[in-house]
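Student: Hi! I have a protein model open and would like to learn how to read it. Could we go through it together?

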Amino acid sequence: MQMIEPSLDDKVLLCADCGGEFVFTAGEQEFFRIKQFKNDPKRCPECKVKRATRGFKVHAETRVTCSTCGRVTTVPFKPTQGRPVQCRSCFELSRAAAVQAAEQPQEVSGSLMAS
Ligand SMILES: [Zn+2]
Ligand SMILES: [Zn+2]
């Protein structure tokens, strides 16, 4: 039995929804680190569940046309006027592309002062 990551301690965070305290456990921190999530969780587990189930209950599907492939699809939210909406598969694709782009080492260019 060896502690591999002795630096990780349980953290107490404040929930953005109910303002209550919740514990961001060392195990969860390790999970976030592996997943390379940059932000700490914002909500307590109860509020996370509440949000998830609320989404299920409302189920207000809106018919939209995918801005990428042109297919008619439904989304579980009300799209903002003028905002391009993507069907699920196009959304997954673009998200995967974004993740890939984020994984590419980015060159840090000097700050541009010219205006
Ligand atoms: Zn909460
Ligand atoms: Zn599409």
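Tutor: Gladly! Let us begin with a loop: Gln-36 sits between helix H1 (26-35) and helix H2 (45-58). Keep in mind that this is a predicted model.

Student: What is the phi of Gln-36 near?

Tutor: Phi of Gln-36 is near 60°. That is a positive value, and the residue is not a glycine.

Student: Let me step back. Which elements does the chain have, and in what order?

Tutor: Starting at the N terminus, the protein chain reads β-β-α-α-β-β-α. That comes to three helices and four strands.

Student: How do I read a pair of strands such as S3 and S4?

Tutor: Look at the bridges and at the direction. Strand S3 (residues 62-65) and strand S4 (residues 72-75) run antiparallel, with four bridges joining them. One example is Val-64, whose bridge partner in S4 is Thr-73.

Student: What lies between S3 and S4 in the hairpin?

Tutor: Six residues lie between the two strands of this hairpin. In the turn, Gly-70 has a positive phi of about 80°.

Student: Where is Pro-79, and which residues does Pro-79 contact?

Tutor: Pro-79 belongs to the loop between S4 and H3. If we leave aside neighbours within four places in sequence, Pro-79 is in contact with Thr-62, Val-64 and Val-85. Arg-63 is 16 residues from Pro-79 along the chain, and their C-alpha atoms are separated by 9.5 Å.

Student: And why does Pro-79 count as partly exposed?

Tutor: The label lies between exposed, at 12 or fewer neighbours, and buried, at 20 or more. Pro-79 counts as partly exposed because it has 13 C-beta neighbours inside 10 Å.

Student: How can I check the length of a helix like H3?

Tutor: Compare the expected span with the distance between the ends. At 1.5 Å a residue, the 16 residues of helix H3 (residues 88-103) should span 22 Å, and the end C-alpha atoms are 22 Å apart, so the two agree.

Student: How many of the residues in H3 are buried?

Tutor: Zero of its 16 residues, so to speak: H3 is hardly covered. Across the protein chain, buried residues make up 3% of the 115 residues.

Conventions: Residues are numbered from 1 along each chain as its sequence is written. Chains are lettered from A and ligands numbered from 1 in the order in which they are written. This is a predicted model: local features need pLDDT of at least 70, side-chain atom pairs count only at pLDDT 80 or more; totals for chains, interfaces and linings use all residues. Two strands pair if DSSP finds at least two bridges between them. The expected span of a helix is 1.5 Å times one less than its number of residues. Two residues are in contact if their C-beta atoms, placed from the backbone, lie within 7 Å.
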